[in-house]
Amino acid sequence: MAEFLEGLSLFPLALTFGTYQIGLWCQKKWKSPLLNPILIAVVLTIGVILLCGIDLQVYQTGASGISWLLTPATVCLALPLYKQIKILKKHLPAILTGILAGTVTSLVFIFALCKLLSLDDALTISLLPKSITTAIGMVLSEQSGGYGSLTTAAIIITGNLGNLAGSMLCKLFRLTEPIAQGVALGTASHVVGTTRANELGELQGAVSSLSLAIAGIVTVIVFPLVIHFI
Amino acid sequence: MCYNQYNNFLGALFLKYIKQVLIILLFSFLGELLAKVIPLPVPAAIYGFVLLFLSLFIGAVKETDISETATFLISGMGILFVAPAVNILSYYGLIAPALVPICIIVVSSTFVVFGVSGLVTQAFLKKGDKKNG
């Protein structure tokens, strides 16, 4: 069975697209933030690989056929950012300060906690960019010697946490301003948090997607300074 | 006649997307070029992203020049992370012993960042209101 499937060069791609489509269906049907299509696709794919005993290397080689799309897709994120900056010009100073404070806190807090719990360098690097969007976080982590896959997993879990606990956290921290809610969701939990922000309101959604883009850029700038201390 | 019109329509549509893909690939390529030349740990996509943003800002690229292809790429981005995340299988042995600390860090940092970014923004907004009012 494994040998037969490994011989089919398009099997890894078909498996990826098939499981992702199942993830999309589940998300559409139950409308729950827990049902992240990436998460479902990853769990199902790992299940198939383990059950059929497929060589991981064969899967990776076959599935990496679409990985080159990541750079152009990330470049395209400039378009929504541009649209939102036009709308949010007036409150830009407050928004930018909030994002900067959150992003620097994220990097310093994670770094300190990793040292405190004595995690090794590769694990620390993998966890540092966990609050930003996968496109930037995964590449940053891998470029500096982290495990891209752990970063991806941490990023997805962070997103779902922010999405699930978002409303509760807004109450806990007494965030009543829609703009502050959007900044918190976007900075702490990127795209997945932004889905919750869109549910809270249009303004929260726009601020949140602006925040996730800027948090990503700030992380790219501050990240090298932090790993300098490792 | 009708068939010809249909063909012209399809042709124009096709050319439009070719142009959109070309513009996006051009910025991606410029990003890769800069990432090679500049010795900083910055992903190629970030250079392309910043260049595209600036071009939109100064009007060198119009929203309509890329919008359909950009929207398509962004909405389908999630599938690109499946294979990298599946790769966690090969690091399982390295990650498993540190699973508890990893979970503590992921959860606590999410809450802390949420609070700090939200509260700082809110404080600044209120300060601005006082000045204006």
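## Close-up views of a two-chain helical model

**View 1. Helix α7(A) passes helix α11(A) in a right-handed crossing.** In this predicted model, the axes of α7(A) and α11(A) come within 10 Å and cross at roughly 35°. On the α7(A) side the contact is made by A:A94, A:I95, A:G98, A:I99, A:G102 and A:T103, and these meet A:I179, A:A180, A:V183, A:T187 and A:A188 in α11(A). By class, the residues of this contact divide into 7 nonpolar and 4 polar, with no charged residue among them. Helix α7 of chain A, which covers residues 92-116, has the highest mean pLDDT among the elements of chain A, with a value of 96.

**View 2. Helix α11 (residues 178-200) of chain A packs against helix α12 (residues 202-227) of chain A.** The axes of these two helices lie 6 Å apart, and the angle between them is about 75°; α11(A) and α12(A) are therefore roughly perpendicular to each other, since angles of 65 to 115 degrees fall in that class. The contact of α11(A) with α12(A) has 12 nonpolar and 13 polar residues, and no charged ones.

**View 3. Helix α6 (residues 78-87) of chain A meets helix α2 (residues 44-58) of chain B across the contact between the chains.** Here the axes come within 9 Å and cross at roughly 40°, and α6(A) and α2(B) are therefore oblique to each other. The crossing in which α6(A) passes α2(B) is right-handed. From α6(A), the residues A:A78, A:L79, A:L81 and A:Y82 take part, and they meet B:F49, B:L52, B:F53, B:L56 and B:F57 in α2(B). The residues of this contact comprise 9 nonpolar, no polar and no charged.

**View 4. The contact between the two chains takes 84 residues from chain A and 64 residues from chain B.** On the side of chain A that touches chain B, the largest share comes from α7(A), which supplies 14 residues. That side of chain A divides by class into 57 nonpolar, 25 polar and 2 charged residues.

**View 5. Chain A is built from 12 helices and 0 strands.** Read along the sequence, the elements of chain A follow the pattern α-α-α-α-α-α-α-α-α-α-α-α. The C-alpha trace of chain A spans about 60 × 45 × 30 Å along its principal axes. A compact globule of 230 residues would have a radius of gyration near 17 Å, and the 19 Å of chain A agrees with this. The mean pLDDT of chain A is 90, and 99% of its residues reach 70 or more. Among the elements of chain A, the lowest mean pLDDT, 80, belongs to helix α1, which covers residues 2-7.

**View 6. Chain B has 6 helices and 0 strands.** Along the sequence, chain B reads as α-α-α-α-α-α. Its C-alpha atoms fill a box of roughly 70 × 60 × 35 Å, taken along the principal axes. For chain B the radius of gyration is 23 Å, whereas a compact globule of 133 residues would have one near 14 Å.

Notes: Residues are numbered from 1 along each chain as its sequence is written. Chains are lettered from A and ligands numbered from 1 in the order in which they are written. This is a predicted model: local features need pLDDT of at least 70, side-chain atom pairs count only at pLDDT 80 or more; totals for chains, interfaces and linings use all residues. pLDDT is the predictor's confidence in each residue, from 0 to 100. Helices (H or I, at least four residues) and strands (E, at least two) are DSSP runs, numbered from the N terminus. Axes are lines fitted to C-alpha atoms, for helices over the stretch in contact, and angles run from 0 to 180 degrees between N-to-C directions. Angles under 35 degrees count as roughly parallel, over 145 as roughly antiparallel, 65 to 115 as roughly perpendicular and the rest as oblique. A crossing is left-handed if the near helix is turned anticlockwise from the far one by less than a right angle, and right-handed if clockwise. Two residues are in contact if their C-beta atoms, placed from the backbone, lie within 7 Å. Ala, Val, Leu, Ile, Met, Phe, Trp, Tyr, Cys and Pro count as nonpolar, Asp, Glu, Lys and Arg as charged, and the others, Gly among them, as polar. The radius of gyration is taken over C-alpha atoms; the globule rule is 2.2 Å times the number of residues to the power 0.38.
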